[in-house]
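Hello,

Here is the structure I promised to pass on.

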Amino acid sequence: IWGLYFIARLLQPRDDAAVINNATGGYPIGMPSGRRFWLGLGVALGLGMSVRVGGAILILYLFLFLLLLALDRWRIGGRQAAVSLHPILLRAMLAAVGGWALMLVFWPRALGNPIKAPAAALETLSRFTAYDSPTLLRGKLISSNQVPWDYLPTYFAVQLPELTSACFVAACAVLCGQTWLRLRRRTPIPWLWWLLVVAVLVPPAYAIIRHSTLYNGLRHFLFIIPPLSVVVGAGLAVFTRGVARRKAEWAIPLVVLTGLFAVDQLHALWRLHPHQHVFFNRASGGLVPAVQRYETEYYGSVYQELHAQLLEHVWKERQGSYLNTTFRVSGCGSKLFFSRNLPLNFQYQPMRHAARADFYATYARDRCLNQFRNHPVLTRIERDGATLAVARDLKRKLERRARGRERERP
C-alpha cells in the first residue's frame with residue numbers, strides 16, 4: 001500500500017503548481033523530487049519485496065506508468081514533453097535499485113544470487129504445487145492445485161459488499177469512458193486512477209492465467225482491498241457531487257442510502273466479531289448457506305472462543321477431578337489451535353485417533369462438523385444463525401429423540 005501511495009504521488013497532478021507551457025502539453029509541474037520522497041519509495045519497494053517476492057510487481061507498476069505518462073506527454077506535447085520526465089525516471093531507477101538492495105538484507109538466500117534467486121522464488125510462488133489442500137467452491141471440494149478460473153471472481157462476488165462491487169464496476173466503466181474522451185480531445189489521461197484499477201485487477205488475473213494454487217477464498221488477495229476501496233469511495237464521491245450539481249435535493253437520498261448501507265456493514269462487523277472474515281453478502285444468501293458452500297472459518301480464530309466454553313463446561317461438570325485428570329481433545333486443523341488455547345491437562349489427539357478422545361472440538365472447515373454427530377453437543381459457536389464450531393462429548397451417545405433434533409440443526 002505504501003508502494004502504491006508513492007507511485008500515485010508521481011502520477012498525481014498538482015492543482016497549486018504552475019502549468020508547463022504548451023510544449024509539454026499543459027501538465028502541471030511539481031512532481032515529488034525531494035530526497036525524503038525517493039527514500040520513502042525505495043524503502044517501500046524493499047520492504048514490500050522482503051515480505052513477499054511478489055512485491056516486485058510494485059517495480060513493474062512504477063516503470064509501466066512512468067512509460068505511459070511519457071507516451072501521453074509525447075502524444076500531447078511532442079518529444080520535448082516526454083523527455084522532461086528524464087530526471088524522474090533516473091530517480092525512480094535509483095529507488096528501485098535501493099529497494100532491491102534492501103530486500104537482500106532481509107533475504108540471505110538471495111545474497112548468493114541477487115537476480116536468479118528472487119526470480120526462482122517468484123516462479124515457485126506462481127506455480128506452488130508442493131501443497132495441495134481441498135478447498136470449497138459452490139458446495140464442492142476441489143483440489144487447490146486445480147481450481148477453476150472463476151474461483152477468485154466467485155469469492156469476490158459473494159464476499160464483497162454489494163455496493164462495493166457495483167461501484168467498482170461503475171467506476172471502471174466511467175474511467176474507460178473518460179480515457180476515451182481525453183484521447184480524442186488530446187488532454188492528459190488520469191493515470192493515477194488507472195494505477196489503482198490495475199493494482200486491483202492484475203494480481204488475481206495473473207493467478208488465474210498462471211493456474212496458481214488457490215485456497216481459503218480471498219485470503220491471499222486481501223492486499224488489493226485497500227486500492228479497490230479507494231476507487232469505490234472516489235467514484236461514489238464523484239457521482240454524488242455530480243448529482244448534487246444538477247439538482248442538490250437528489251443527492252440527499254443518495255447520501256442517506258449510502259449512510260444506511262455503511263451502518264448495515266458496521267452492524268455486520270459487530271455481529272460477526274471477532275470472526276469478521278466469515279462475512280458473506282446478502283446476494284450470496286448470507287452466512288448460513290455459505291458454511292456448506294464456501295470457505296468460511298479458515299483462520300482457526302474460533303478455537304479460542306470454543307475452547308474457553310469447553311473448559312468452562314468441563315470445570316462445572318468435574319470440579320472435583322478437573323485438576324488431576326488428563327483430558328484428550330481432538331478436532332480438525334493445526335495442533336497449534338489446541339496447544340495455544342488449552343491448559344496442560346488437555347492433550348491434543350490427532351484426527352486419526354479421534355475416536356479415543358474425550359472431546360471433539362472442531363471448526364466448520366473441511367466439513368468436520370459432520371463427524372461424530374451421534375454424540376451430544378457441549379457447546380457451539382454461532383454467528384448469524386450459522387454454526388462455525390462445535391464441541392462434543394465423545395464418551396456419551398445421543399438418545400434417539402435428541403439425535404433426531406440434532407440432525408435437523410446445521
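C368 is buried, with a relative accessible area of 2%. Buried here means under 20% relative accessible area, exposed means over 50%, and partly exposed lies in between (1.4 Å probe, protein chains only). C332 is buried too, at 8% relative accessibility.

A word on the basis. This is a predicted model, where local features need pLDDT of at least 70, side-chain atom pairs count only at pLDDT 80 or more, and totals for chains, interfaces and linings use all residues. Residues are numbered from 1 along each chain as its sequence is written, and side-chain values use heavy atoms, leaving out hydrogens and water.

Now the bond. The sulfur atoms of C332 and C368 are 1.9 Å apart and form a disulfide, a term for a pair of cysteine sulfur atoms within 2.5 Å. The count by this rule is one disulfide. The link of C332 and C368 is left-handed, with -105 degrees about the S-S bond.

The pair joins distant parts of the chain, 36 residues apart. C332 sits in the loop between strand 3 (327-330) and helix 15 (335-339). C368 sits in the loop between strand 5 (359-363) and strand 6 (377-383). Helices (H or I, at least four residues) and strands (E, at least two) are DSSP runs, numbered from the N terminus.

What about C167? C167 is in no disulfide. Its nearest cysteine sulfur, that of C172, is 11 Å away. C167 is buried, at 13%.

C172 is buried as well, at 15%. Its closest cysteine sulfur is in C176, 6.8 Å away, which is too far for a bond.

Best wishes
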